[in-house]
Amino acid sequence: MPEPLVSVLGAPREFAAIDIGSNSVRLVLYRLEGRAVWTVFNEKVLAGLGRDLATTGRLSEDGAALALTALKRFAAVLDGVKPARTFVAATAAIREADDGQAFCERVAAETGLIIRVLSGEEEARYAALGVIAGMPTARGVAADLGGASLELVRIGEGGVERGITLPLGPFSLASDGAFDAGKLRETIAKRLKPAADFSTDTLYAVGGAWRTLAQVHMGVARYPLQIVHQYVMSAADAKDIARLIARSSKASLESWKGLSKKRAETLPHAALVLEGLIERLGLERIVLSAWGVREGLLYEALDEETVAADPLLAGCTALGARQGISPGLPGALFGWIQPISTALPSSFGAERDLTLADAACRLADLGARLHPDHRIELAFDQVLRAPIPGQTHAERAWLATAVNARYGGAAATPEPDTVARLLTEEQRTAARALGLAIRLACDLSGRSPQLLVNAHVAVKDGALVLSASDGYADVLLGEQTRRRGKALAEAMGLKLDLRSGG
């Protein structure tokens, strides 16, 4: 086990990961702020190292040349950036190719990069760790589809369990003849027989091909939020889109917006594998994970205290602190609004609602450095689309709605269609009320934690009761407080009761 990479309170540090896969070679630079992980650079080359593996047992010559060129560039970038730690990992193509070791030696000689070749079991484990890093409550089976192989590993209450590797990557299924969906379905069904013990209702899909498939589904469904991480497809929808892709011609796929020729070549194979998994494992839903092997390597390097932190709260803390002014404000707000948040109808369950309220308080100062004429729209968009894991798309919309209200935005929000599609009316109402509560607390106190402790709020007998400590009524319970309190009370279906006594 390597030394811990960063602690919860440690200074921000950089981490680099190079992933040499069967299809792509990628460099990602991360900046860590405790449990908050930001991708600051991401470059890939679709080299196709494993393209010829099924027929020759060796790496593609053209692919090896492309990969080596990319790795020379990546080594130069790392030499300039000098991250605190770098992992260089290779997966199925290098692992299985007869000349895989020779390629690693050539890379070391020409770039100085030392490649760690992951076993199939290690690859499955790191993919599952990546899923957990981005979705701590994930339960089901993680499935990482690369160019040459498919890794399956169960994720349970105890963490990552033993996984398996199957020859089901597009390059392992490719043949010299024309694409034959019927024959491929038969081959996939046979190769999936060892996966009988992995039945589950939820599959966490990892890998570029499935991310592309999800993006195609988003387009067909006219989904308003173009974020793949934690995008959910029902098994029926996933099967429909898989069959649509499988029966589309290569020329048709290449004409689809955003779909490269190389990805169009392998996408039908990936679609049929997903279809086979749905049938073999008895899936009910597919959850996309943008985090996989690289993030799993990172996650393993974190110390225990950092791993235990909530990635949503850590991300909101980092984002809010970067924009905000008062470090003590989020904690003071969260304590102050407790009587309000607990009185609101449940949106995602009592425990999760408290976590989201905490997250919203950490974002309460997000607009402090934004232009006031555009603050509402900019703050709303940042929260809705921030690259912060550990939240569903509905929870993103909930937090964005709360932040919109915190800055005085209308009930419709800047994107009413998006919010209406992701949230129920009751959830929208609760999110807005929580945002109005944060707005009330910020404005009556001037965003001062010291002043806020002298104001008190309660929900009693159909009324929102606002009061102040002795000597603070004139300071805290003025006309603006009355306006803010009335807006919150109306959103909660209450009357406003302003009291001068403590």
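1. The model is predicted: local features need pLDDT of at least 70, side-chain atom pairs count only at pLDDT 80 or more, and totals for chains, interfaces and linings use all residues. Residues are numbered from 1 along each chain as its sequence is written, and side-chain values use heavy atoms, with hydrogens and water left out.

2. The structure contains 26 salt bridges (a side-chain nitrogen of Lys or Arg within 4 Å of a carboxyl oxygen of Asp or Glu). One of these joins arginine 95 to glutamate 123, at 2.9 Å from N to O. Because arginine 95 belongs to helix H3 (residues 92-96) and glutamate 123 to helix H5 (residues 120-134), the pair ties together parts 28 residues apart in sequence. Helices (H or I, at least four residues) and strands (E, at least two) are DSSP runs, numbered from the N terminus.

3. Glutamate 123 is buried, at 4% relative accessibility, whereas arginine 95 is partly exposed at 23%. Buried means under 20% relative accessible area, exposed over 50%, and partly exposed in between (1.4 Å probe, protein chains only).

4. Aspartate 201 and arginine 285 form a salt bridge whose closest N and O atoms are 3.6 Å apart. Aspartate 201 lies in the loop between helix H7 (181-191) and strand S9 (202-206), and arginine 285 in strand S11 (residues 285-289), 84 residues apart. Aspartate 201 is partly exposed at 33%, and arginine 285 is partly exposed at 30%.

5. Arginine 243 meets glutamate 275 in a salt bridge of 3.6 Å, N to O. Glutamate 275 is buried at 4%; arginine 243 is partly exposed at 34%. Arg243 and Glu275 also belong to a network of salt bridges with Arg185, Lys239 and Glu279.
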